[in-house]
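User: Hi! Could you walk me through this model, one question at a time?

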Amino acid sequence: MPAPRLEIDLDKIYHNARTLVDRLASRGISVTGVSKATLGSPEIAGVFLQAGVSALGDSRIENIEAMRYAQVPASMTMIRSPMLSQAERVVRHADVSLNTEIEVIRKLSLEAQKANRRHGVVLMVELGDLREGIMPDDLIDTVRETLSLPNIVFKGIGTNLACRSGVSPDSQNMAVLSKLVDSIEATFGLTVDIVSGGNSANIQWVFSETDTGRINDLRMGESILLGCEPLHRTPIDGLHTDAITLIAEVIESKVKPSRPTGEIGQNAFGEKPTTTDRGHIMQTILAIGIQDIDPCGLQSPVGTEIIGASSDHLLLDSGSYGLSVGAEMMFQLNYSALVRAMTSPFVTKIVKHHRASMVQQDWTSGLPREQ
Ligand SMILES: *Cc1c(COP(=O)(O)O)cnc(C)c1O
């Protein structure tokens, strides 16, 4: 089998998605399955849909287009504010987009008129994490103008926490979102359809709360794919944390000193590394590097330790493991290691199917991209 490779177990992803969909359904909350870490893989999107997600969300229009061309039958939401320069593509391929700038919504309206389409808009509200969002005091005015724009359908409001500053979703900030829904409904005499409370970081809040207010949708990526919640990276009860694993191949294995010899300048990344002397170690090199993964986001097998990385090499203290050249090692990944591995054309993606057959996927170079 080719190395390095990501092994993607669709049964485990199905189980994770299905479990979350069912648990959240009991709270009256639907799941938008976020596909950005899979580069919009139509196959994984298909599994999300079988598991009952109500829509798909992606931050890149290219991924949404790839899923469209593969005829993935779902409502698709562009979850990053559309670029003005991509408004036409967003209107053409996404059913809904999350927005924070009225200028962009005006442009979406123009493009929707030209294309004779209707485009749904969810307005994102700033609730403390200081990434995207309209300041709460400005929301009513933005809703008013959104409602007035031709071919634009005001679908609801949402928020995103825990991404830039790590602000946790809690009863207070979620109650603010619910209150805003009430005030929009009272002001305009309408019913707000979507109240999108956040991402995988909302999991602890949702299951510790008896009253989740008006929140009726969550956008979930990491929790489905990796089985963890991102605030403390704790595994979610009953979910697989090994649905996606990384396999790399050993190209050197030697006993070496743990401390370099000679004068120390900068390394390949402009850092001045410091090392502690722990005598001689069994040093193993794997043929994968910073081009392909985030080394800080990898978990190596028990008894081994990641001690360094450069563009093409990953270095391990392999302890008492006798790893010979050609041997393969398996790693667990966090989200940042996963997205990088998914985007690397040097990492083969192997999808494990239901009947344990394996299919090699090449969706990094084989994607139908718009010219
Ligand atoms: C990435 C993203 C998500 C999904 O986040 P996860 O932590 O993977 O669940 C949801 N909403 C927005 C706006 C995002 O950018």
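This is a predicted model: local features need pLDDT of at least 70, side-chain atom pairs count only at pLDDT 80 or more; totals for chains, interfaces and linings use all residues.

User: Which residues of H1 meet H2?

Analyst: On the H2 side, the partners are Glu 43, Ile 44, Val 47, Phe 48 and Gln 50. Sorting the residues of this contact by class gives six nonpolar, one polar and two charged. The H1 residues that meet H2 are Leu 10, Ile 13, Tyr 14 and Arg 18.

User: Are H1 and H2 roughly parallel or oblique to each other?

Analyst: H1 covers residues 10-25 and H2 covers residues 42-50, and their axes are 8 Å apart. The packing angle is about 40°. Angles under 35 degrees would count as roughly parallel, and H1 and H2 are therefore oblique.

User: Why do H5 and H6 count as roughly parallel?

Analyst: H5 is residues 102-114, and its axis lies 10 Å from that of H6. Anything under 35 degrees counts as roughly parallel. H5 and H6 are therefore roughly parallel, with a packing angle of about 10°.

User: Which H6 residues meet H5?

Analyst: H5 puts Ile 102, Ile 105 and Arg 106 into this contact. By class, the contact has two nonpolar, two polar and two charged residues. On the H6 side, the residues are Thr 142, Glu 145 and Thr 146.

User: How many residues surround the ligand?

Analyst: The closest ones are Lys 36, Ser 200, Arg 219, Gly 221 and Glu 222. Counting everything around the ligand, the number is 13.

User: How far is the polar side-chain atom of Ser 200 from an oxygen atom of the ligand?

Analyst: Let's look at a few ligand distances together. A polar side-chain atom of Asn 160 sits 3.4 Å from a ligand nitrogen atom. For Gly 221, a polar backbone atom is 2.8 Å from an oxygen atom of the ligand. For Ser 200, the distance from a polar side-chain atom to a ligand oxygen atom is 2.5 Å.

User: Is the peptide bond from Ala 3 to Pro 4 cis or trans?

Analyst: Pro 4 is in the segment before strand E1 (5-9). The omega of the bond from Ala 3 is near -5°, and the bond is cis.

User: What is the phi of Gln 71?

Analyst: You'll find Gln 71 in the loop between helix H3 (61-69) and strand E4 (76-78). Gln 71 is not a glycine, and yet its phi is positive, at about 60°.

Methods
Residues are numbered from 1 along each chain as its sequence is written. Side-chain values use heavy atoms; hydrogens and water are left out. Axes are lines fitted to C-alpha atoms, for helices over the stretch in contact, and angles run from 0 to 180 degrees between N-to-C directions. Helices (H or I, at least four residues) and strands (E, at least two) are DSSP runs, numbered from the N terminus. Angles under 35 degrees count as roughly parallel, over 145 as roughly antiparallel, 65 to 115 as roughly perpendicular and the rest as oblique. Contact means heavy atoms within 4.5 Å. Ala, Val, Leu, Ile, Met, Phe, Trp, Tyr, Cys and Pro count as nonpolar, Asp, Glu, Lys and Arg as charged, and the others, Gly among them, as polar. A residue is near a molecule or strand if one of its heavy atoms lies within 4 Å of it. A polar contact is a pair of N or O atoms within 3.5 Å; within protein, one must be able to donate a hydrogen and the other to accept it, and residues adjacent in sequence count only if both atoms are side-chain atoms.
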